[in-house]
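Could you walk me through this model in the viewer? I would like to know what to select at each stop and what is there.

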Amino acid sequence: MRISDDRYTRDRLRFDLALRLIRLEARTCTIRLWTGLSDDRIRKLYRSYASERDRTPVPRHRGKSPRQTAYFFRNPERQFQAAQLASLYLLHGLLDPTPAGIEAHYKIGSLESGLLLCRAYEAYVDLHEPARISFEHAWFLLLALARHTEIDLARCAPCGGVQLRDLLARRDAACAYCRLESLDGPGGANAPC
Ligand SMILES: [Zn+2]
């Protein structure tokens, strides 16, 4: 009896996580990865989610998953938001700062890690209106930070904030927050006339 109760609870959590990922506009392959549900079950969940209370269907994203870390450096605002998202990953325990650098502290396919990823992304969306980074790009950011071959995190000396660092050095090294401040500050490009 106990085993079947546990199993029921796990299945319930799996469906709850899938629905949460659908609301965040995750791709089917991402939902499959985190929940272990089949594509067919996920499609049915999409349909039932959309038909429930006549909701507008959430967009389903197809095509290739994000792969370019340059995306996060395209403008200071996006770079700033990506750094905030990275800070939320640290706060939620998905990344672990060690003396050797940032290490992954999540397990793909674990319901607990999947839930933390949703919570971190939802906290990011709450902080930003409009949120510039989609869930799929947010998930790619976590993967890229865990891999740290192209991007890494550092502490910005002037402001003390978490800074996203381009290890391929395609962009200047200034922290996005400081760059935005200098654009908005006296004499900056965005300063009022
Ligand atoms: Zn800074």
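**Stop one: a residue in helix H2**

Start by selecting Ile 31, which is found in helix H2. Keep in mind as you go that this is a predicted model. Is Ile 31 buried or exposed? Its relative accessible area is 0%, and buried means under 20%, so Ile 31 is buried.

Now show what surrounds Ile 31: leaving aside residues up to four places away in sequence, it touches Ala 18, Leu 21, Ile 22, Ala 26, Gly 36, Ile 42 and Tyr 46. Pick Ile 42 from that group; Ile 31 and Ile 42 are 11 residues apart in sequence, and their C-alpha atoms are 7.6 Å apart in space.

**Stop two: the largest nonpolar core**

Next, select Phe 72, Tyr 89, Leu 141 and Leu 164, the residues that touch the most other members of the 46-residue largest nonpolar core. Colour by element and you will find that helices H1 to H6 and strand S3 (151-155) each supply at least two residues of this core. H6 gives the largest share, nine residues. Both domain 1 (2-54) and domain 2 (72-184) contribute at least three residues each.

Zoom in on Phe 72: beyond residues up to four places away in sequence, its contacts are Arg 78, Gln 79, Ala 82, Ile 133, His 137, Phe 140, Leu 141 and Leu 164.

**Stop three: H4 against H6**

The crossing is right-handed. To see the contact, select Ala 82, Leu 85, Ala 86 and Tyr 89 on H4, then Ala 138, Trp 139, Leu 141, Leu 142 and Leu 145 on H6.

Key: Residues are numbered from 1 along each chain as its sequence is written. This is a predicted model: local features need pLDDT of at least 70, side-chain atom pairs count only at pLDDT 80 or more; totals for chains, interfaces and linings use all residues. Side-chain values use heavy atoms; hydrogens and water are left out. A nonpolar core is a set of buried Ala, Val, Leu, Ile, Met, Phe, Trp, Tyr and Cys residues joined through side-chain atoms within 4.5 Å. Buried means under 20% relative accessible area, exposed over 50%, partly exposed in between (1.4 Å probe, protein chains only). Helices (H or I, at least four residues) and strands (E, at least two) are DSSP runs, numbered from the N terminus. Domain bounds come from an automatic or database domain assignment. Contact means heavy atoms within 4.5 Å. A crossing is left-handed if the near helix is turned anticlockwise from the far one by less than a right angle, and right-handed if clockwise.
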